[in-house]
Amino acid sequence: HDAGDAVLIELARRMLGSVEPGSLVARLGGDEFALLIPGVGCRDDLLAAVSALLSGASGDFDYGDCAIDGQLSVGATLATPPADRVRVMKE
């Protein structure tokens, strides 16, 4: 458990260093995190943010004399303002 906790702490540190100031990095539980990154308004911005996250979080995690090779998988979506989600139905 100690090694797992150390990896999660280091991963969170790396993720925080990979996103813009004002972003939120939250551990949901286990090995799952959620990120809210303000200012990502289009697909290209989203892809750039994910690329920066993957680059920043890559590499071995050191624990004592061991190097732990972890892999990160990412699911991402854009949030749209409420007005963009509302459809008015006319009779």
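Val 74 sits in the loop between strand S4 (66–68) and helix H3 (82–85); helices (H or I, at least four residues) and strands (E, at least two) are DSSP runs numbered from the N terminus. This is a predicted model, where local features need pLDDT of at least 70, side-chain atom pairs count only at pLDDT 80 or more, and totals for chains, interfaces and linings use all residues. Residues are numbered from 1 along each chain as its sequence is written, and side-chain values use heavy atoms, with hydrogens and water left out.

Partly exposed lies between buried (under 20% relative accessible area) and exposed (over 50%), with a 1.4 Å probe and protein chains only.

| Residue | Relative accessibility | Class |
|---|---|---|
| Val 74 | 38% | partly exposed |
| Gly 59 | 39% | partly exposed |

Gly 59 belongs to the loop between H2 and strand S3 (61–63). Gly 59 and Gly 70 are eleven residues apart in sequence, and their C-alpha atoms are 7.7 Å apart in space.

On a 1 Å grid over the protein atoms alone, a pocket is an open set of points with protein on both sides within 12 Å along at least five of seven lines, and lining residues have an atom within 4 Å of a point. Of its 35 lining residues, Phe 33, Leu 35, Leu 53, Val 74 and Gly 75 are the closest to the centre. Helix H2 (43–57) is one of the elements that supply at least two lining residues, and H2 gives the most, with six.

Definitions and conventions:
On a 1 Å grid over the protein atoms alone, a cavity is a set of points where a 1.4 Å probe fits but cannot get out, and a pocket is an open set with protein on both sides within 12 Å along at least five of seven lines; lining residues have an atom within 4 Å of a point.
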